[in-house]
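My entries follow in the order in which I made them.

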Amino acid sequence: MPARTVYLDHSATTPTDPRVVEAMLPYFSDVYGNPSSAHRFGRDAENAVETARETVARILNCQPSEIVFTSCGSESDNLAMRGAGWTARQQGRGLHLVTTPLEHPAVGKTVQQMADLMGFERTIISVDKTGVVDVEDFANACRPGTTVASVMYANNEVGSIQPIPQLAALAHERGAWFHTDAVQAAGQLTLDVQKLGVDMLSLSAHKFYGPKGVGALYVRNGIELVPSQSGGSHEAGRRSGTHNTPLIVGLAKALAIAYDEFDAYTTHYCQMRDSLIDGVLNRVPGSQLTGHPVNRLPSHASFVFDGVDGNALLMHLDLKGVAASSASACKTGNPEPSGVLLALGYDRQTAGSSLRLTVGRQTTTEDVDYAVQTLVEAVEKVRRLNREIV
Ligand SMILES: Cc1ncc(COP(=O)(O)O)c(C=O)c1O
């Protein structure tokens, strides 16, 4: 057993807050009615779902009717892109979509599928070395016939935050709807959709100390989504399927806690993140911070290392009890370097040396010290093994 275990992979997922678990529990076996049923059992469950919707709407500063509950962040992204894209096509407004090379596959692959199989066109705009989109390129890409533009709020691999209000305004000037994937931003940045100016915004509960398997999509009133999951017309016809009452209650409770205690949590994240970044850059030779040096998620530190294989590094860290990830959870064990780092202009070898360390509510100074010391030793070891093999 390692001397200590340190979880530094909060961007992959977070533990469910015990207060959230407690809030969910009655909705498994006590209040178990189907929220769509007309009797009192159903009404009790429906009340819980509608109260959860009001809570989410309060935090997003929107109407409850603008919140659609889904099964995860991926589903929210899929619904936004396909749903809005199909609606716009039906209205004869055009077939052009704009997005970035930074998007999570839930957006990236959906847009690719729409282009490959459904006759849509797409433009993927460029980004700079710090992982921030080129605003001028975005403005030029949105042209007559552009119907949906999607730019993630904050990146899951390098943590960079995008100028969402500016991009949303540009999209609107050019007649396009604007979607943002706020899955990583939730609990760390404002989700006020009026300030952000977005038309659609995706959330996933497990990234903010809620349960896995539940998400939400904000859809501005007036945008009719063609549902990608049809059936019994739940969620005002936008997403069919019996409501998962306990998980929906859990999502709302987790979001409320994250924003009620926002200042304390984000201050803590920033302190832990900054001491991690300082420790790594000062003590690991040949290390570089990736992403934006300042405009980055409070919880997020990401690096590349000269002459190091990212997957080997992860293995060595894991043996010593440090849970981290290489670029993103989806990439772990995948020998292909991160597409995001390639888009930022890193060469393949450097992109293959990436490490993401993301702190959370329970992260302590001792955890950070242990992680930095372990990383110093692991990088040295991986480099030594490399030399011996060569
Ligand atoms: C930016 C981003 N979008 C979407 C998702 C998908 O969310 P979910 O795991 O709930 O499907 C993730 C998950 O890592 C993410 O980081």
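This is a predicted model: local features need pLDDT of at least 70, side-chain atom pairs count only at pLDDT 80 or more; totals for chains, interfaces and linings use all residues.

Residues are numbered from 1 along each chain as its sequence is written, and side-chain values use heavy atoms, with hydrogens and water left out.

**Helix H14 and helix H11.** I took helices (H or I, at least four residues) and strands (E, at least two) as DSSP runs, numbered from the N terminus. Axes are lines fitted to C-alpha atoms, for helices over the stretch in contact, and angles run from 0 to 180 degrees between N-to-C directions. I found that helix H11 (residues 310–319) and H14 cross at roughly 130°, their axes coming within 9 Å. H11 and H14 are therefore oblique to each other, where under 35 degrees counts as roughly parallel, over 145 as roughly antiparallel, 65 to 115 as roughly perpendicular and the rest as oblique. The crossing of H11 past H14 is right-handed. With contact meaning heavy atoms within 4.5 Å, I listed Ala312, Leu313, His316 and Leu317 on the H11 side, and Leu375, Ala378 and Val382 among those on the H14 side.

**Helix H14 and helix H10.** Helix H10 (residues 262–283) packs with helix H14 (residues 365–389) at an angle of about 25°, and the axes are 10 Å apart. That makes H10 roughly parallel to H14. I logged this crossing as right-handed too.

I counted twelve salt bridges, each a side-chain nitrogen of Lys or Arg within 4 Å of a carboxyl oxygen of Asp or Glu. One joins Asp367 and Arg4 at 3.0 Å, N to O. Asp367 lies in helix H14 and Arg4 in the segment before strand E1 (6–7), so the pair ties together parts 363 residues apart in sequence.

How values were computed: A crossing is left-handed if the near helix is turned anticlockwise from the far one by less than a right angle, and right-handed if clockwise.
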